[in-house]
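This report takes up a pocket, a metal site, aromatic contacts and some backbone details in turn. Please keep the sequence and the model at hand while reading.

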Amino acid sequence: MSCSVVIGAQWGDEGKAKMIDFFSQKADIIVRYQGGANAGHTVVANGQKHIFHLIPSGILHPGKICVLGNGVVLDPIQLVSEMDNLISQSIDISYRLLISDAAHLILPYHKALDGALEELRSNKIGTTGRGIGPCYADKCLRTGIRVGDIFLDSKTLEKKVRQTLEVKNLQLVKMHKKDPFSIEEIMEIILAFKKRIQKMIINTGYYLNEEAKKNKTIILEGAQGFGLDIDHGTYPFVTSSNPTIGGALLGSGLNHSVIDKVIGISKAYITRVGEGPFPTEDFGDDGNLLRDKGGEYGSTTGRPRRCGWFDVELMKQTARICGLTDITLTKIDVLSGFEKIKVAVGYEYKGKKIDMFPSYLLDDIKPVYEELDGWTEDISKCKTYDELPQNTRDYIAFLEKAVGVPMSIISVGPDRENTIVRDTWKKTKL
Ligand code: GDP
Ligand code: IMO
Ligand code: MG
């Protein structure tokens, strides 16, 4: 059996989709396990760029099965638009997109409430506005509408939706002074969705475990990243799900015994979009240069990403909590041309050294940096580790030693071609 989990190691946008597309070449099934259309997953294949928000990033490989697990919050309008987009490019998705009957639907009132709550907050989170928090809140309140509900007879379904909608409209109108939604417009969305996707709906927990028994190679695709995890991240500046390893099991229903690799995807520097602590953020020229050279603008909202330096303690905490077996280091090509590259090797709080990524005081700690020599060569054409300049290899070796997990794959450009697999990558089926 072979199942690999792919997890963002920092605050999202680490290049997970690029790597999932790369790994998908050898996989049978690719599963999104949490989050929703807050994700922006960019795949560049044969020079063409695709951005996915919900559809798993392995979809460009003909014949691969793509699954939306029970942990996903699914915006029906967004999903159908992504499906149509692929179909318009003659990418055949029939019979290979499967959807969990237990995934929750994001409906227009979730998005309206996401925006209204954000307006109200004095301490803004900077959400993507895609309705993620309100939908997961409904899941916990046990008032959510699940994908499988579309199979209820029409009267029962309408009654269920009406009950939820009444409460949402009260909140929208009375609390937020916003317009209410009519039952007709919500039902129209649900019924149109039913028409399009009813044949794709299954019990994905059953399906995935049975496929694992048949020795299929499975990839679990995380959205967001460790720092945005609702339990382990920089709360409250987080998303409303668990991108970390626990979320992969919960959101797919796969049992733990089938997992043989947990791969953390880490940028060679760090970015963050939205509000919240970011100890190694660079507010000066270097931060701006990283943004320009790395094209660091959100794939979902277009917002400029905040940029800064690799943070060893953050990465170690991701490795610790998720049990990382490997790290893929991405976007190291962006660092070409920097005379000096900073790496935070710990923090100081009131003059005392802290050797872990803390849950509190993140705005008050000061990173302790080491500076490494940069390189000037364009490394995006390098195909093997040995072709990389000595200073690039020294930088990778420094990070690898500090973190203590093999950096087995090095990504030197956005295309699946721009990927270096090292000898430390222990060949499983992937
Ligand atoms: P994800 O959310 O983790 O899948 O990442 P995004 O797609 O939001 O953002 C990553 C961006 O970096 C995308 O524009 C990718 O095409 C690009 N990218 C991924 N890996 C590399 C790399 O190694 N080098 C460069 N220059 N760009 C990369
Ligand atoms: P991918 O999968 C980067 C951030 C938002 C905000 C916070 C909460 O592309 O890596 P939400 O809409 O989830 O309630 O917003 O989380 N955020 C992301 N940042 N990449 C993402 O996904 C993100 N998804 C959410 O900017 O700060
Ligand atoms: Mg992204």
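The residues that line the largest pocket divide into 18 nonpolar, 21 polar and 9 charged, where Ala, Val, Leu, Ile, Met, Phe, Trp, Tyr, Cys and Pro count as nonpolar, Asp, Glu, Lys and Arg as charged, and the others, Gly among them, as polar. This is a predicted model, in which local features need pLDDT of at least 70 and side-chain atom pairs count only at pLDDT 80 or more, while totals for chains, interfaces and linings use all residues. Residues are numbered from 1 along each chain as its sequence is written, chains are lettered from A and ligands numbered from 1 in the order in which they are written, and side-chain values use heavy atoms, with hydrogens and water left out.

**The largest pocket**

The volume of this pocket is about 890 Å³, and of its 48 lining residues Thr127, Gly133, Val238, Thr239 and Ser240 lie nearest the centre. Helix 3 (108-120), helix 4 (132-141) and helix 5 (154-175) are the elements that give two or more residues to the lining; helices (H or I, at least four residues) and strands (E, at least two) are DSSP runs, numbered from the N terminus. A pocket is, on a 1 Å grid over the protein atoms alone, an open set of points where a 1.4 Å probe fits, with protein on both sides within 12 Å along at least five of seven lines, and lining residues have an atom within 4 Å of a point. Grid points are joined across faces, edges and corners, and the volume is the space filled by probe spheres set on the points.

**The magnesium ion**

Asp13 (OD) and Gly40 (O) coordinate the magnesium ion (ligand 3) at 2.0 to 2.2 Å, donors being N, O and S atoms within 2.8 Å of the metal (3.2 Å for Na, K and Ca); water is not among the atoms, so the site may look incomplete. The two residues are 27 apart in the chain, with Asp13 in the loop between strand 1 (2-8) and helix 1 (16-24) and Gly40 in the loop between strand 2 (29-32) and strand 3 (41-45). Gly40 has a relative accessible area of 11% and is buried, a term for values under 20%, with exposed for those over 50% and partly exposed in between (1.4 Å probe, protein chains only).

**Aromatic contacts**

The whole structure holds 7 aromatic pairs, counted for rings of Phe, Tyr and Trp (its six-membered ring) with centres within 6.5 Å; planes under 30 degrees apart count as stacked, over 60 as edge-to-face and the rest as tilted. Trp11 and Phe278 form a tilted pair, with centres 5.3 Å apart and planes at 50 degrees, and 267 residues separate them in the chain. Trp11 is buried at 2%, as is Phe278 at 6%. Ring pairs also join Trp11, Phe278, Tyr347 and Phe357 into a cluster.

**Backbone details**

The peptide bond from Tyr235 to Pro236 is cis, with omega near 5 degrees. Two residues other than glycine have a positive phi, as tabulated here.

| Residue | Phi | Relative accessible area |
|---|---|---|
| Ser90 | about 60 degrees | 69%, exposed |
| Arg142 | near 65 degrees | 74%, exposed |

Ser90 lies in the loop between helix 2 (76-88) and strand 7 (97-100), and Arg142 in the loop between helix 4 and helix 5.
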